[in-house]
Amino acid sequence: MNTKEEVQKIFQDVFEDDSIQVNETTNAADIEDWDSVANIDLVMSMEKKFDVRFNLEDIQELENVGDMIRLIDSLRKQ
Amino acid sequence: MEVLDYIYSKKKTQKKKIEALFSEMPGLAEELEFFLKRYLPILGGGCSAHQKLGDSYLKMSAQMAFARLQFLRDGKYPTQEHGDAIENVYQNRETMLQYMLGLALSQYLWKHHYRLFQFYQHHVDSIEFKPGAKTLEVGCGHGLYLLYLLEHTKHDLAVDVVDISETSIDLARDLIARVLPEKADRVNFVCSDIQAIDANEKYQFITFGELLEHVHHPDLLLQKLHGYLADDGYAYVSTCANCPAIDHLYHFETIEQIREMIKNCGYDITSEIIAPSEDKPMEELIRKKIDISYGAIIRKGKA
């Protein structure tokens with residue numbers, strides 16, 4: 001699976017909904033249950049899955065799924 | 001509102017939560033406008049004041065989110081030493097000012113902070129202060145609680161304010177000087193760590209909001225303030241469970257732990273509010289260690 005597919009799987013797991021489909025522009029307005037608690041769950045799941053660590057600046061910049069995918073890919077290259 | 005438009009333009013995810021809160025709390029928008037009208041001038045007014053307040057709020061929100069992430073990763077609050085909180089936050093003028101401005105705005109944009117402030121206002125309104133009564137506030141922070149106390153009590157109170165941060169003192173002093181200049185001379189500001197102060201005063205009312213989580217031994221602080229409280233006086237205390245932040249040290253895991261400590265330090269709780277940071281079932285709040293704010297009006301116990 002590529003990063004986007006893995007991220008999609010994380011969204012489905014966190015929101016316990018296999019029908020969730022995300023794309024690069026998907027943001028909190030598109031998923032009703034995506035609140036600050038879910039956001040932390042997503043971030044922690046991504047850290048675990050991709051073996052990366054986000055910092056304060058990373059957290060500030062995350063607006064949508066595309067931001068998440070790009071951040072993960074850049075952290076994995078380091 | 002300009003400040004909200006600015007926040008939404010910088011961080012779209014804020015819009016959903018804030019708009020939901022506004023539709024749930026009628027009158028909140030009006031209160032926010034009133035707050036902005038009085039608070040923005042201390043930041044110089046104009047467009048840059050809106051931006052400064054908005055940026056401060058966004059930075060504080062991100063710091064809180066990151067502190068939560070660290071807390072959930074490591075199982076402990078990210079700041080462990082009082083000295084680190086002093087150096088990195090209380091004595092760091094830029095960080096402290098941004099943090100306090102962010103928290104000031106959160107009194108209107110975060111439901112749990114708003115509810116605690118409402119609780120405080122309701123109880124201050126109902127206390128019968130004696131003319132010239134002496135009161136104490138420990139940790140004035142952004143100054144909004146102090147402003148409310150001074151503005152909404154019938155008699156002129158004398159207020160001693162102790163805060164560990166010069167930045168907070170300056171912010172609160174400036175706020176009172178601009179909004180209530182006629183009462184500015186009723187306030188005696190002291191920049192010090194309350195833990196290091198020994199005084200013989202007795203106060204009719206003590207405000208110590210969001211203080212206990214900032215020290216290693218909140219029980220010792222509660223005992224100390226017990227000595228300052230008049231036998232027929234009241235105090236407002238607030239703190240929080242599972243609430244990591246850049247300067248929080250003491251980790252209350254449950255509301256029951258907070259209540260127990262207050263009672264064990266010789267107080268009776270006369271009224272309380274439990275305000276979760278998220279609208280979730282209690283089981284989920286506890287399981288996910290989501291922060292819950294707690295506020296209470298307390299007095300000396302009869303035992």
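**Notebook: the disulfide and chain B**

I looked up the torsion about the S-S bond of B:C240 and B:C243 and found about 70°, so this disulfide is right-handed. I counted a pair of cysteine sulfur atoms as a disulfide when they are within 2.5 Å. A disulfide is a covalent bond between the sulfur atoms of two cysteines.

I note that this is a predicted model, in which local features need pLDDT of at least 70, side-chain atom pairs count only at pLDDT 80 or more, and totals for chains, interfaces and linings use all residues. Residues are numbered from 1 along each chain as its sequence is written, chains are lettered from A and ligands numbered from 1 in the order in which they are written, and side-chain values use heavy atoms, with hydrogens and water left out.

**Cysteines**

I read the S to S distance between B:C240 and B:C243 as 2.2 Å. My search of the whole structure gave one disulfide over all chains.

I then checked burial, where buried means under 20% relative accessible area, exposed over 50%, and partly exposed in between (1.4 Å probe, protein chains only). B:C240 has 4% relative accessibility, so I put it down as buried. B:C243 also counts as buried, at 4%.

Next I looked at B:C140, which is in no disulfide; its nearest cysteine sulfur belongs to B:C191, 9.1 Å away. The relative accessible area of B:C140 is 3%, so I listed it as buried. B:C265 is in no disulfide either, and its nearest cysteine sulfur, that of B:C240, is 17 Å away.

**The chain as a whole**

I counted twelve helices and seven strands in chain B, taking helices (H or I, at least four residues) and strands (E, at least two) as DSSP runs, numbered from the N terminus. The radius of gyration is 18 Å, close to the 19 Å that the globule rule gives for 303 residues, so chain B is as compact as a globular protein of that length. That radius is taken over C-alpha atoms, and the rule is 2.2 Å times the number of residues to the power 0.38.

Along the principal axes, the C-alpha atoms of chain B fill a box of roughly 55 × 45 × 40 Å. I found 55% of the 303 residues of chain B buried.

I also looked at contacts (heavy atoms within 4.5 Å). Of those in chain B between residues at least 6 apart in sequence, 79% join residues at least 24 apart.
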